[in-house]
Amino acid sequence: MWTFFHKLGSPKWFYDISGKWLPWFAAISAILLVFGSVWALAFAPEDYQQGNSFRIIYIHVPSAILAQSCFMMMAIAGAIGLIWKMKLADMFVKAAAPVGASFTFMALLTGAVWGKPTWGTWWVWDARLTSMLILLFLYFGIMALQSAIEDATTAAKASAVLALVGLVNIPIIKYSVEWWNTLHQPATFTLTEKPAMPAEMWVPLLIMLIGFYCFFTTVILLRTRNEILERERRTNWVKKLVTKGASL
């Protein structure tokens, strides 16, 4: 484990190994998302209360989970960058912020579309919705710092601090439905309780969730590899890689 962790200190090693991972994650995500979508839209039964409108859950729930997971990963990477000065961790934070913001926006958008037939309104200042909106602003803040500060090291430190401070919002998002009286329904999946919905409904949701994670990994690998090439462009190995690519 420690050997792998130390290898992550080498952008070249990560660039080489991630190139081998990319096709697998891309293929798996495509298969799972297509299979899960067809099952969810065509074969999963209607919800006895919400009818077919519940099917947006297959996009909404994975998006919301990925939005929170991405921010936690960024906070961890930010801490690693601050403590061990690992350049790859800083690159990950910059690469992940737009992806996390996109998933957060998708969760808010699909939640609004879902809320209209369920609650009768597009938006309420519900504790879960408000904390998710704050998460989106945190992503925007990190992206703004990355764009406004020219020095990459300073930008990385500022982004890491904001990610660590913003981490307090994650448990608020998760437990808001338990701490306050909200319109939002409780968690669909828990580790300690059996799913309330039948297997015909939660299995495709689980497939979509895994597919979203694989898609997220694919995009992150691509963006991090691009960030590596940008920051390491003056190194010999990148120059050789560019020269080799140009000759092809």
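## The cavity

A search of the whole structure, which is a predicted model, finds 1 cavity of 30 Å³ or more. On a 1 Å grid over the protein atoms alone, a cavity is a set of points where a 1.4 Å probe fits but cannot get out, and lining residues have an atom within 4 Å of a point. Grid points are joined across faces, edges and corners, and a volume is the space filled by probe spheres set on the points.

The largest cavity has a volume of about 30 Å³. Its lining is made of Ala-107, Leu-108, Gly-111, Ala-112, Trp-122, Trp-123 and Leu-129. Helix α4 (residues 87-119) gives the largest share, 4 residues. By class, this lining has 6 nonpolar, 1 polar and no charged residues; Ala, Val, Leu, Ile, Met, Phe, Trp, Tyr, Cys and Pro count as nonpolar, Asp, Glu, Lys and Arg as charged, and the others, Gly among them, as polar.

A pocket is an open set of grid points with protein on both sides within 12 Å along at least five of seven lines.

## Overall layout

The protein has 9 helices and 0 strands; helices (H or I, at least four residues) and strands (E, at least two) are DSSP runs, numbered from the N terminus. The C-alpha trace spans about 60 × 40 × 30 Å along its principal axes.

Axes are lines fitted to C-alpha atoms, for helices over the stretch in contact, and angles run from 0 to 180 degrees between N-to-C directions. The axes of α4 and helix α5 (residues 127-148) come within 9 Å and cross at roughly 155°. The two helices are therefore roughly antiparallel to each other; angles under 35 degrees count as roughly parallel, over 145 as roughly antiparallel, 65 to 115 as roughly perpendicular and the rest as oblique. On the α4 side, the contact (heavy atoms within 4.5 Å) includes Val-93, Ala-97, Phe-105 and Trp-119, and on the α5 side it includes Leu-129, Met-132, Tyr-139 and Gln-146. By class, the contact of α4 with α5 has 17 nonpolar, 3 polar and 1 charged residues.

For α5 and α6, the axes come within 9 Å and cross at roughly 170°, which makes α5 roughly antiparallel to α6. Leu-138, Gly-141, Ile-142, Leu-145 and Gln-146 of α5 make this contact with residues of α6, among them Ala-155, Ser-159 and Leu-162. The contact of α5 with α6 has 8 nonpolar, 4 polar and no charged residues.

## How α3 meets α6

Helix α3 (residues 57-84) and helix α6 (residues 152-166) have axes that come within 8 Å and cross at roughly 130°. That makes α3 oblique to α6. Residues of α3 including Phe-71, Met-74 and Leu-82 meet residues of α6 including Lys-157, Val-161 and Leu-164. By class, the contact of α3 with α6 has 10 nonpolar, 2 polar and 1 charged residues.

## Reading the numbers

Residues are numbered from 1 along each chain as its sequence is written, and side-chain values use heavy atoms, with hydrogens and water left out. In this predicted model, local features need pLDDT of at least 70 and side-chain atom pairs count only at pLDDT 80 or more, while totals for chains, interfaces and linings use all residues.
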